[in-house]
Amino acid sequence: MKHITCIDDLRTLHQRRVPKAFFDYCDRGSYAEETLRANRDDMQNIKFRQRILVDVSRRDTSTTILGEPSTMPLILAPVGLLGMQHGDGEIHACRAAQAAGIPFTQSTMSICSIEDIAANVEKPFWFQLYVMKDRGFIKALIERAIAAKCSALVLTVDLQVIGQRHQDIKNGMTVPPEWSLSKLIDFATKPAWVSGVLQGKRRTFGNLAGHLKVSDDITSLSTWINSQFDTSLNWSDIEWIRSIWPGKLVLKGILDVEDAELAAKTGAQAIVVSNHGGRQLDGAPSSIEVLPEIVDAIGDKMEIMFDGGIRSGQDVTRALALGAKSCMIGRAYAYGLGAGGQAGVAKAIEIIQKELLTTMGLCGVNTVDEIDDHIIAV
């Protein structure tokens, strides 16, 4: 990791070290990938005011997230299948986050189970929930998160219908993977990845293990998953979730002002302005485009987190300047995980923090609380 200078370097290593199907699962978006590109393009179009001769000797990235201290305004977002980017990937990513002093969010569709992570890390982590038709299973999953002492529940609300990701279909993306000659050749050229995944605790969805009464083979699991995303999910279901979950609740996937205003009435502590990383509704606006109007509408009512296109500390600064309290990264740390396991995730976090500190200094601010739209060039 000595010569890694940016997140793009980690992405290049990730692409080299992990089989194509799993790299593409992390890297690509839905349909024509217009929203995926917009997340990055719109972010980079935001320019800073460079300020000079300001005393910036006291720069500090520390803040609070959901009332808890954090070394920076950064959260590792829920990413499915981390254990297929690197063996026991969820555990390694959580350890890196906790060592850096920031939150980690486990995905419902993780390879390691809630219990696997809880048994192998020192502090509480966040758990992300997809609501499925089998409400008995969802209730049990929430209760497992309570038993594991998860400190926040992140309810993803933008996956009632799944956006088609063309590259996953072309790659025959499954867990475990569909076998073909091209895949065998691909895997054979990545022995370190193969060894790591084989040594991992699991190679299928850990949170679902033991749930199906008939069979836990991958075909049965995949069929069950595809049939379970609930198109009837609505605002009243949040009341049911809150009746079970006693802790802090975050609603992830808000992209519209009207929805943000409804979210503010649910009793949730925070929302995440997000378009699912450009993996759902293609043609939707970028997250950064809608962030200011959502902040204007409900920024005084609940904590606003941001997700979508963060690849640098400069991007974190941009989102904070437009009103976000903290940012989630997904691909940025997944690239690090695929590139170098826990050390790669730690490197991704370190890169972003150093870039944030530098950007703060060159914009003439010392603390995260000082970052607002006055640092944006107009």
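Let's start at strand S10 (residues 326-329), which is covered on both faces: Ser 326 and Met 328 on one side, and Cys 327 and Ile 329 on the other, are all buried (under 20% relative accessible area, with exposed over 50% and partly exposed in between, using a 1.4 Å probe and protein chains only). Strands here are DSSP runs of E with at least two residues, and helices are runs of H or I with at least four, numbered from the N terminus. Keep in mind that this is a predicted model, where local features need pLDDT of at least 70 and side-chain atom pairs count only at pLDDT 80 or more, while totals for chains, interfaces and linings use all residues. Residues are numbered from 1 along each chain as its sequence is written, and side-chain values use heavy atoms, leaving out hydrogens and water.

Now look at the neighbours of S10. Strand S3 pairs with S10 in the parallel sense over 3 bridges (pairing requires at least two bridges found by DSSP), and Ile 75 has Met 328 as its bridge partner in S10. From S9 the chain crosses through helix H14 (residues 313-321) to S10, a right-handed β-α-β crossover: with the strands pointing away from the viewer, the path from the first strand over the helix to the second runs clockwise.

Step back to the whole sheet. It is open, with 8 strands in the order S3-S10-S9-S8-S7-S6-S5-S4 and parallel pairing. Its edge strands, S3 (74-76) and S4 (105-106), each pair on one side only.
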